[in-house]
Amino acid sequence: MEKESVPFYECHVNTNEGTDTFVGIRSDGGPIEVCFPVGYHLGKTDAAQKKDIQLLIRVLARFSGMKEKLLPRLLINKPETVNFPVQAYMTVLNEYYHRGYYTENERIYTANGNGPKNWPRTIKTQRAYPQDGSFLYLTAVAQESRVDTANYITKINEFCVDEAYKKIGFLFSADRVRKPLIPFDEKRFVMALKEKLRRENNDKNKALFSGMIDMIQYAGQKGRNAGFFFGTNDFEYVWERLIDFNFGEDNKNFYFPRTWWYLGTEGKHAKSLLEPDTVMKADDKVFILDAKYYRYGDSKDPAELPRSTSINKQITYGEYVATDPKFKDENGQAPPVYNVFLMPFNKNGPVFPSKENMLHIGEARGDWKDSGASYERVQGVLLDMKWMMTRTVKHNKKDISQLAQMVESIIQKTDPLAEKEGR
């Protein structure tokens, strides 16, 4: 069995400045570059970094929309670079390292065989002898399994395992695969797999065949020799979805302020809604969260904080929820409303070292609003990027409670009017 060399890979945590914005995996045909989002704490050992890469793949596969996954052509060095179906490659290699190559088990039936007896076939094919009011079969048919080593699907699987190993074999500890025995034929491979998939009932096999189809179709787009990428230049959308998944209410559109134009004889015309990133509820309190994939947690530069337009928009959201009658309870009471900016940081880094995954860094206010309402004070909170990427429970009550308590305690123990007057 011949060993295949694995491409060297390099890990990099980007700065989210200039052209250093790509998050994901890419290669121009040489070393594989793995780029992590700003604020990510990268492991120091090879084993730790492989786990980091697998986490990155899972997050991108789950939270990236198709728009973010398709990079503009100007950002690709080589025009033949194509989008990389990394999940299909992971499926093929995971199945290989857990179960080996896919093999067909052919069912055969033999008289007096060693396998389990197949009585319907015995009754149909063997002679029965009467005995004491019943029938006796001197010969029973047994069912046995035999591996079909010439099976076409097995050969396609060998091809796919070899291809997957060349691209992402570095993520796995085992390093031995055999050379495929058949030449690449996209049309025949896909036709055979689709027919096999149509007749398959085993879920693991169905996932494997689907992954193999995706791989082969990718390879047919010059993917075997071209550079490749899997990732996004717009990780801010992934950051928004991570926060909404972990903290958010599903019915957030209920909290969207609506606007209209009234044009006399031309009637009433709706304009696009103001849409907060995430609405979080804790007890009867409403928290309007704005996910900001900004560099402040990595730089401590105030220029990297949300600007006035974002601050004013948050105050507008808060005022809408606090004053619109539809949010009041049966006693006419409006819910307490809080505003929060959520930005990434590395709790193990030098800029904001911390033992906590959430860190309060200050608040934003507008001079045009000083009634003392809690929503007029937009809290700035940093979330550890790696911790956020590991969150797997939707609407995580523990994390929601922690964030709510942090924001409420800050509001209760600080007096912005006293600070403004120097008291």
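1. A residue is called buried when its relative accessible area is under 20%, exposed when that value is over 50%, and partly exposed in between. In this predicted model, Cys160 has a relative accessible area of 0%, and therefore counts as buried under the 20% cut-off. Cys11, with a relative accessibility of 22%, is partly exposed.

2. The count of disulfides comes to 0. For Cys11, the nearest cysteine sulfur belongs to Cys35 and lies 8.9 Å away; a disulfide requires the two sulfur atoms to be within 2.5 Å, so Cys11 is in no disulfide.

3. Strand β13, which spans residues 285-291, is mostly covered, since 7 of its 7 residues are buried. Lys285, Phe287, Leu289 and Ala291 point one way from β13, while Val286, Ile288 and Asp290 point the other way, and the residues of both sets are buried; a colleague inspecting this strand may wish to note that Lys285 and Asp290 are among them.

4. On one side of the pairing, strand β12 (residues 278-282) runs antiparallel to β13 and is joined to it by 5 bridges, with Thr278 standing opposite Leu289 of β13. The hairpin formed by β12 and β13 has 2 residues between the strands, and in this hairpin Asp283 takes a positive phi near 60°.

5. Strand β13 also pairs with strand β14 (residues 337-345), here in the parallel sense and over 6 bridges. Within this pairing, Ile288 stands opposite Asn339 in β14, and Ile288 is itself one of the buried residues of β13.

Methods. Residues numbered from 1 in each chain as written. Predicted model: local features only at pLDDT ≥ 70, side-chain atom pairs only at ≥ 80, totals over all residues. Heavy atoms only, no water. Buried < 20%, exposed > 50% of the residue type's maximum accessible area, 1.4 Å probe, protein only. Helix = DSSP H or I, 4+ residues; strand = E, 2+ residues; numbered from the N terminus. Pairing = 2+ DSSP bridges.
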